[in-house]
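This note is meant for a colleague who is new to the model. The points below may be read beside the sequence and the structure.

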Amino acid sequence: MQRTPEPAELMDDHEQARAYASANFSEANELFADLLHQLGHGDISGCALDLGCGPADIPLALLRQYPQLRIDALDGAPAMLDIAQKRCDADPELGQRLKLLCQTLPTTELAQDGYDAILSNSLLHHLADPSDLWLTVKHCAGDNTAILIMDLARPASPLAVDSLVETYAMNEPEVLREDFRNSLHAAYTVEEIEQQLAQHGLRELEVSMVSDRHWAARGSYRPNN
Ligand SMILES: C[S@@+](CC[C@H](N)C(=O)[O-])C[C@H]1O[C@@H](n2cnc3c(N)ncnc32)[C@H](O)[C@@H]1O
């Protein structure tokens, strides 16, 4: 099936952001946390960068799990960051280890070589140009930075898209079902991710399917590849 880009990059509509923030993504979020645990052998500390953080479910869960971790969480949508800020305010101990950055990729404002881990879930398929993510990863990573990028994988046919929407979003509001359908149509396949990694000299990242609808690219950054 041909890829169809998302209608908009940012999720800056308040209704859309509220619906997204109230949906239950616990299965995907736990999968992401498990993959990070494996990647860091259970020892994640220092400062991580989360790209396209949305309402900050994943960074807040990781801060709970790793008391030595700080996270800079970036999103270009103020509607999402307003929700993330309320969640920080509700838990000041976590909130003081989470810095929210309202920035849109591509950006030149992030620290070079500045992060111990670079994370992103469900951002890449939103971007008009996937290089915006991979160039940011390369800019912000130093030697040995742990990298975990996860996203939806594009199914083989519209029928397979409908089947995933029915399986995972049957009882969700229509705005979310539509988001999920658009995301599956806009997502990349594992083969396309392999090509993107090769194009950007990120061959040290291994990409594979990690569920029936997600791929993950993970590994430790090597600057001279
Ligand atoms: C599907 S949400 C994922 C949110 C979160 N990572 C999660 O796993 O729940 C994608 C997020 O990426 C943000 N986004 C899309 N394009 C972006 C860009 N170019 N720069 C920064 N954020 C972007 C959207 O505003 C949205 O909040």
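1. The expected span of a helix is 1.5 Å times one less than its number of residues. Helices (H or I, at least four residues) and strands (E, at least two) are DSSP runs, numbered from the N terminus. Helix H4 covers residues 78–90, and its 13 residues should span 18 Å; the C-alpha atoms at its ends are 18 Å apart, which agrees.

2. The model is predicted: local features need pLDDT of at least 70, side-chain atom pairs count only at pLDDT 80 or more, and totals for chains, interfaces and linings use all residues. Residues are numbered from 1 along each chain as its sequence is written, and side-chain values use heavy atoms, leaving out hydrogens and water.

3. Which residues of H4 are buried? They are Ala79, Met80, Leu81, Ile83, Ala84 and Cys88, where buried means under 20% relative accessible area (1.4 Å probe, protein chains only). Their cover includes helix H1 (14–22), strand S2 (69–75), helix H5 (92–95) and strand S3 (98–102).

4. The axes of H1 and H4, lines fitted to C-alpha atoms over the stretch in contact, come within 8 Å and cross at roughly 45°. In contact (heavy atoms within 4.5 Å), His14, Ala17, Arg18, Tyr20 and Ala21 of H1 meet Ala79, Met80, Asp82, Ile83 and Arg87 of H4.

5. His126 lies in the loop between strand S4 (115–121) and helix H6 (131–140). His126 counts as buried because its relative accessibility is 12%. Leaving aside residues up to four places away in sequence, His126 touches Glu6, Ala8, Glu9 and Met11.

Conventions
Buried < 20%, exposed > 50% of the residue type's maximum accessible area, 1.4 Å probe, protein only. Axes fitted to C-alpha atoms, helices over the stretch in contact; angles between N-to-C directions.
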